[in-house]
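Hi,

Here is the structure I said I'd pass on. Have a look at it first, and then read on for my notes on its salt bridges.

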Amino acid sequence: MQINKTRLKKRLLELAQIGGNPKDGWTRLAFSAEDQQGRALIKRYMNEIGLYIDEDPVGNIFGRTEENREKAVIALGSHIDTVPNGGMFDGALGVISALEVVQSLKEKQDSLKVPLEVVVFANEEGSRFNTGLTGSRGLTGSLRKEELNFLDSDGISLGKAMEACGFDPARLDQAKARNGKYQAFFEIHIEQSDRLEMEGKQVGLVDTVVGQLVIECVVYGQANHSGTTVMTRRKDALVGASKVITGIQELALQMGGDFVATVGKIDAYPNSVNSIPGKVSFTVDIRDISHEKIIQGLEQVKSLLKHAVGDGNFELRVLEEQLPTILSRDLSGIAESICQRENLPYQYVPSGACHDAQVMSMITDSCLIFVPSIGGVSHCPEENVEWEDVYIAAELLYRVVEGI
Ligand SMILES: [Zn+2]
């Protein structure tokens, strides 16, 4: 192999020392102290490799092989932030592999044909502020300013959290990559599904990434005393919300295919044992490969709300939207021919999760390579991979980039 397996594994395990352990999982929420520690470690690696380091106003880290910022680069990367109590490979695998590929190429080649850049995207997961892919959307010019006002559970806004880490989100516009900066983008990621494992494949070449719409619904009722308010005079927001939530489950089953809808977060106010809930807010995460079906799903959620609580008693706002994406067939084709030549068991797969590669495809040819997830589990402490599959993915990426 051209890549250094020992170094790759050592760094992944070293990053896993930060913000978690195999029992509780890993919690490196975006712009938290743990995230900052992780970022510092990545910058240390970049220094060791001899990369020129930059950070942009929204917190992306760039490590380039050349000081000159004018030349078009081939970029490789992913994210190091995690969901609460997540796994050690989601994102981290892509960043550490990118560092390994770039370092190996630098060591093995006298001069690189095209400058390379390792990117660590800020706030990919989005669990802290209910909005994710912040870094890649900042870089591609699709991050909305109002998202900087989104709050975490402590009432800290995304913008303030960025500032606390030394970034300057007021200069959001300057995070946008100049035209022509990127020649291509590559990301290695765990599959987070069991398709590859079931098929006995070691490499997943992603052809499509599902679209995603995240909305927040707020249902209004009337908070009141739980002992003195008779049942017939109640306006219980939680009862209304639960009808909608059950309806969402049914509508998703009816839509069929790959359509999924999830109510993953709910808050009741005042959230007290002896009060009737006066207000309930919950999120709905809708995904499908067809944008039309996502919009259809949204319309149905609206009509569920109308039926359950009536006009004027609810609000709905879009938190995040990603269009379904078809990734570069040219780049996956290069990877495919290497797999065929090297006899690597591979398969084209769709991605049900959103990734920075999908956002980057707005501005450059993008390629996403999946490493099989053991048991298909992810976003939990048990998330795992076979090390051999990790090495194969990194080696494949080395070969692809070497050949461009
Ligand atoms: Zn991820």
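The count of salt bridges comes to 24. Keep in mind that this is a predicted model. I picked out a few pairs to get you started.

Let's begin with Glu48 and Arg44, whose side chains meet in a salt bridge at 3.3 Å, N to O. Both sit in helix H2 (residues 33-49), and because they are four residues apart there, about one helical turn separates them. Glu48 has 47% relative accessibility, so it counts as partly exposed. Arg44 is at 40% relative accessibility, so that residue also counts as partly exposed.

Next up is Lys181, which forms a salt bridge with Glu117, with 2.9 Å between the closest N and O atoms. This one links distant parts of the chain, 64 residues apart. Lys181 is in the loop between helix H5 (158-164) and strand E7 (182-190), while Glu117 belongs to strand E6 (residues 116-121). And are these two residues buried or exposed? Both Lys181 and Glu117 are buried.

The last pair I looked at is Arg171 and Asp168, with side chains that meet in a salt bridge at 3.0 Å, N to O. Arg171 comes out at 36% relative accessibility, so it counts as partly exposed. For Asp168 the value is 30%, so partly exposed is the label there too.

Cheers

Note on methods
Residues numbered from 1 in each chain as written. Predicted model: local features only at pLDDT ≥ 70, side-chain atom pairs only at ≥ 80, totals over all residues. Heavy atoms only, no water. Salt bridge = Lys/Arg side-chain N within 4 Å of Asp/Glu carboxyl O. Helix = DSSP H or I, 4+ residues; strand = E, 2+ residues; numbered from the N terminus. Buried < 20%, exposed > 50% of the residue type's maximum accessible area, 1.4 Å probe, protein only.
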